[in-house]
Amino acid sequence: MRKNDADIIVVGAGIIGITCALALQSDGRRVLLLDRSGIAAEASRGNAGAFAFTDVEPLATPGILRKAPKWLIDPLGPLSLPIGYAPKLTPWLLRFWRSSWRDRFEAATRAQSALMQLSQTALENLIRETDAEPLFQRDGQLQVYAGAAQFEASRPGWALKQRHGIDVRLLDHADDIASIQPGLDARFTHAGYTPDWMNVCNPVTWATHLATAFQKAGGHIESFNVTDVDVQAGRVCVRSAAQTRVSDRVVIAGGAWSGRLAWQLGDRLPLDTERGYNTTLPAGAFDVKTHISFPNDGFVVSRIDGGVRVGGAVEFGGLKRPPNYRRADILLEKASRYLPGLRTEQGQRWMGFRPSMPDSLPVIGPARCSDRVIYCFGHGHLGLTQSSGTAQLVKAMVTDAVMPIDRSPYSPRRFSRWS
Ligand SMILES: Cc1cc2nc3c(=O)[nH]c(=O)nc-3n(C[C@H](O)[C@H](O)[C@H](O)COP(=O)(O)OP(=O)(O)OC[C@H]3O[C@@H](n4cnc5c(N)ncnc54)[C@H](O)[C@@H]3O)c2cc1C
């Protein structure tokens with residue numbers, strides 16, 4: 001394929017861009033994938049590796065803003081918002097608050113659930129088509145609670161999952177919990193287990209596996225820092241400081257950095273970033289049998305390449321502030337109390353930028369200026385999980401096929417209706 005022979009350009013080689021590129025290629029399109037930093041260089045590199053298909057509940061739950069001040073008081077707690085960033089985040093927070101109203105929450109839960117089901121089916125197909133079963137761990141997820149009060153408070157969330165057809169097992173006996181994950185501190189007396197949750201051995205291995213499949217089938221990946229995109233005479237021009245690429249269509253999958261490109265195209269979308277932290281410990285640090293979530297402390301423990309990844313937290317603060325790795329250290333300290341046998345030496349710390357919309361739903365749909373430009377970003381905490389379903393939606397939009405699910409909840413236009 002010569003430089004300007006692509007039918008479609010995908011901007012961003014994170015898990016969303018790579019999965020979309022592969023899906024479009026499977027429909028016979030010549031696809032060029034552009035990224036300034038390489039394959040899965042950002043959020044898709046160091047995440048927890050979970051395909052969290054059972055997480056249908058949006059973050060903006062009814063009453064969430066009553067709980068948030070308690071978390072914000074501790075500057076190193078699971079949620080942080082630097083004072084200097086608060087004015088910039090206010091419009092996003094107002095939309096987040098509006099999303100937590102009962103009507104919006106229920107609509108977002110339905111949309112989340114539909115995208116999860118689509119993604120689960122599409123992922124199974126992708127695993128089969130690319131011979132990737134050895135990369136996956138099908139061990140479910142265990143959410144643990146310190147005492148009956150925490151567990152009782154979590155019951156509405158479990159009931160909501162059950163209403164959406166999710167297999168949920170509620171445990172209130174230490175032996176039952178230990179039979180799934182031995183070695184937890186005795187304070188964890190209650191738990192919920194979701195067997196239909198799966199993990200990949202390492203998210204960057206999965207992204208690289210898909211990128212390799214894309215290249216083997218003739219797809220091109222190019223190092224290219226996109227500075228602007230526009231539509232001229234029925235063609236899309238994608239430019240860097242020195243070069244231009246032209247094609248019939250473009251998919252913008254630049255993760256947390258997509259907002260500026262959308263803005264150039266005339267769409268002001270409320271994309272911000274929830275920065276997250278983790279530490280990856282080498283093999284032998286702990287025998288992790290399942291993905292373990294500590295919902296009251298905002299962190300998770302997962303198995304990565306035989307080692308252990310401890311991570312979570314939400315830090316607002318935009319794309320430019322330097323990381324505060326003390327957050328990763330705090331999570332690790334907590335994890336060592338909750339998993340008394342955990343060996344915390346030789347950890348590698350990491351910070352990633354989750355691309356987050358205030359209603360917890362991604363943006364998947366055409367730009368206002370032209371349906372030759374398709375936005376595909378804002379997957380927040382669930383980009384790995386929802387990547388395969390997202391790619392199916394993008395493919396259906398490009399090929400004018402019947403949409404596998406209702407596309408309207410993910411439309412970029414939903415924000416103009418609110419403003
Ligand atoms: C601590 C943490 C844990 C997480 N755990 C999970 C999990 O277990 N399961 C899950 O489903 N999700 C998880 N997530 C969320 C998930 O990582 C993200 O939702 C997902 O990786 C977003 O993928 P993306 O492709 O949209 O963005 P990214 O991976 O950030 O990729 C965007 C790409 O676009 C490129 N780019 C941007 N702008 C330009 C430009 N102008 N020109 C060229 N290239 C550009 C970047 O270089 C980058 O490679 C976690 C996130 C964090 C931070």
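**Ground rules.** I'm working on a predicted model, where local features need pLDDT of at least 70, side-chain atom pairs count only at pLDDT 80 or more, and totals for chains, interfaces and linings use all residues. Residues are numbered from 1 along each chain as its sequence is written, and side-chain values use heavy atoms, with hydrogens and water left out.

**The sheet.** I looked up the strand order and got β10-β2-β1-β14-β21-β20, an open sheet of 6 strands with mixed pairing. Strands here are DSSP E runs of at least two residues, helices are H or I runs of at least four, and both are numbered from the N terminus. Two strands count as paired if DSSP finds at least two bridges between them. At the edges I have β10 (220-223) and β20 (363-366), each pairing on one side only. From one strand to the next, the twist averages 15°; axes are lines fitted to C-alpha atoms (for helices, over the stretch in contact), with angles from 0 to 180 degrees between N-to-C directions.

Next I checked β2 (residues 31-35) against β10: they pair in the parallel sense over 4 bridges. Leu 33 has Ile 221 in β10 as its bridge partner.

**Helices on the sheet.** I find α1 (residues 15-26) packed on the sheet, touching β1 (8-11), β2, β14 (249-252) and β21 (373-377), where contact means heavy atoms within 4.5 Å. The direction of α1 makes about 170° with that of β2. Helix α8 (residues 203-216) also packs on the sheet, touching β2 and β10, at about 115° to the direction of β10.

**The hairpin.** I noted that β12 and β13 form a hairpin with 4 residues between them. Strands β12 (residues 235-239) and β13 (residues 244-247) run antiparallel and are joined by 4 bridges. Cys 237 is bridged to Val 246 in β13.

**Phe 136.** I placed Phe 136 in strand β5 (residues 136-137). Phe 136 counts as buried because its relative accessibility is 9%; the cut-offs are under 20% for buried, over 50% for exposed and partly exposed in between (1.4 Å probe, protein chains only). Leaving out residues up to four places away in sequence, Phe 136 touches Phe 51, Leu 123, Ile 127, Met 198, Asn 199, Val 200 and Trp 206. For Trp 206, 70 residues apart from Phe 136 along the chain, I get a C-alpha separation of 9.1 Å.

**Trp 101.** I found Trp 101 in the loop between α4 (86-99) and α5 (102-129). Trp 101 is partly exposed, because its relative accessibility is 37%.
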